[in-house]
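Keep the picture open while you read.

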Amino acid sequence: IELTFAEILRAFLRHDPDVIMVGEIRDKETAQISVEAALTGHLVFSTLHTNDAASSIIRLYDMGINEFLLTSSITLAMAQRLVRKICDKCRRPIAPTASMLRELEACKINTEKLQLFMGTGCSNCGDTGYKGMTAIHELLYIDDEVRKVILKGGFSTPQIREIGRTKGMRTLREDGMEKVARGITAFGEVILKTQDFM
């Protein structure tokens, strides 16, 4: 019946909503309509499959959204990953290794008097050492400096990420290590969930 993401999005826009949630942008047509909706005053939320926040700009560009439209329509990109939480019932302190301390310090964590934890496994967590999940996040604000780089063309993910970091953006790994330092999740869990883009 030719009922596509793009057709449904067009039908929603005919009702002139203030806020639109697009489940996922996966093709050029959906990306184009979403960007046009953002340009005409709608607040558009959507998901996009990328490794990190900076990669979302490249992904939309690769889908055919030009530089001017990218800079005019995007205000914020957020990446997130789920990590397992350490079980409260069998949580035990561990001594950090030298390599753990180096990684934590590289992620701007104060390692003085730092106490790390791990779950040993119990009936509460099914002997896994983990119970429940939490998210780690990375927020990239698309400010004037990022817009200038995009408009010049030839931009890259590391270039955009570095601008974000100079403005205070924490990477997924840095946010994860902050949760390690707070005893929420384990060091190895964060390394595992963030290794594919480091």
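## Two helices side by side

How are H8 and H9 oriented to each other, roughly parallel or roughly antiparallel? They are roughly antiparallel (angles over 145 degrees; under 35 would be roughly parallel, 65 to 115 roughly perpendicular, and the rest oblique). Before going on, know that this is a predicted model, where local features need pLDDT of at least 70, side-chain atom pairs count only at pLDDT 80 or more, and totals for chains, interfaces and linings use all residues. Residues are numbered from 1 along each chain as its sequence is written, and side-chain values use heavy atoms, leaving out hydrogens and water.

Helix H8 covers residues 172-181 and helix H9 covers residues 187-194; they pack at about 170 degrees with axes 9 Å apart. Axes here are lines fitted to C-alpha atoms, for helices over the stretch in contact, and angles run from 0 to 180 degrees between N-to-C directions. Helices (H or I, at least four residues) and strands (E, at least two) are DSSP runs, numbered from the N terminus. On the H8 side, the contact (heavy atoms within 4.5 Å) involves Leu172, Arg173, Gly176, Met177 and Val180, and on the H9 side Phe187, Val190, Ile191 and Thr194.

## Another helix pair

Now find helix H1 (residues 5-13) and helix H2 (residues 28-39), whose axes come within 9 Å and cross at roughly 20 degrees. That angle is why H1 counts as roughly parallel to H2. H1 brings Phe5, Ala6, Leu9, Arg10 and Leu13 to the contact, while H2 brings Glu29, Thr30, Ile33, Ser34 and Ala37.

## The nonpolar cores

A nonpolar core is a set of buried Ala, Val, Leu, Ile, Met, Phe, Trp, Tyr and Cys residues joined through side-chain atoms within 4.5 Å. Buried means under 20% relative accessible area, exposed over 50%, and partly exposed in between (1.4 Å probe, protein chains only). The largest core has 33 residues, and Ile57, Leu60, Leu70, Leu140, Phe155 and Ile160 touch the most other members. H2 supplies the largest share of this core, 4 residues.

Leaving aside residues up to four places away in sequence, Leu60 touches Ile25, Ala31, Leu48, Ile65, Leu70 and Ile74. There is also a second, separate core of 10 residues, with Met100, Leu104, Met177 and Val180 among them.

## A look at His49

Is His49 buried or exposed? It is exposed, with a relative accessible area of 58%. His49 sits in the loop between strand E2 (43-46) and helix H3 (55-62). Its C-alpha atom is 8.2 Å from that of Glu24, 25 residues apart along the chain.
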